[in-house]
Amino acid sequence: MNQCDRIRQILKENKLKQKEFASVIGVTESYISKLLKDPDIRLSQSLAVLIEEKYGYNAEWVLNGTEPKLKQVSKDKSLSEIHQKALAQLEKMNDEQVKAVLAFINSLDELEKSLQPAPHNSEK
């Protein structure tokens, strides 16, 4: 997989259009288009670091394909890629956004508890 493929993968996994991606990392849409077509155009280290900050992809993976693909945000190396991505997104949120996510998680816990069958009481 070359750099073009990795940029394509970032766009696909994040459901981004070239224009959106370019805007977020501060380049032109035509530059992104060239990156996707010409494997000889090398992304700069600073842009790779910006992609890491904005999208959670390890800068070395973006540049060279060096694993791990995602920036390690947790000390737990056994976390799946989707868990790592969720944690990376949480890191970017402000306090109010994190509170909203926690409230949502708590509501899921409560819903799960309410759906569990009541324990039997075998004494009569």
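Is Lys99 buried or exposed? Lys99 is exposed, at 51% relative accessible area (over 50% is exposed, under 20% buried and in between partly exposed, with a 1.4 Å probe and protein chains only). This is a predicted model, where local features need pLDDT of at least 70 and side-chain atom pairs pLDDT 80 or more, while totals for chains, interfaces and linings use all residues. Numbering starts from 1 along each chain as its sequence is written, and side-chain values use heavy atoms, leaving out hydrogens and water.

**Salt bridges**

- A search of the whole structure turns up four salt bridges (a Lys or Arg side-chain nitrogen within 4 Å of an Asp or Glu carboxyl oxygen).
- Lys99 pairs with Glu96, closest N and O atoms 3.5 Å apart, and Glu96 is exposed too, at 55%.
- Lys99 and Glu96 sit three residues apart in helix α7 (residues 95-115), so about one helical turn separates them (helices are DSSP runs of H or I, at least four residues, numbered from the N terminus).
- Asp5 and Arg8 form another one, at 3.0 Å between the closest N and O atoms; Asp5 is partly exposed at 31%, as is Arg8 at 39%.
- Lys69 bridges to Glu13 with closest N and O atoms 2.6 Å apart.
- Lys69 is in the loop between α5 (59-64) and α6 (81-92) and Glu13 is in helix α1, so this pair ties together parts 56 residues apart in sequence.
- Lys69 is buried at 9%, whereas Glu13 is partly exposed at 30%.

**Helix contact**

- Gln3, Cys4, Ile7, Arg8 and Leu11 in α1 meet Leu35, Leu36 and Lys37 in α3 (contact means heavy atoms within 4.5 Å).

Methods. Helix = DSSP H or I, 4+ residues; strand = E, 2+ residues; numbered from the N terminus.
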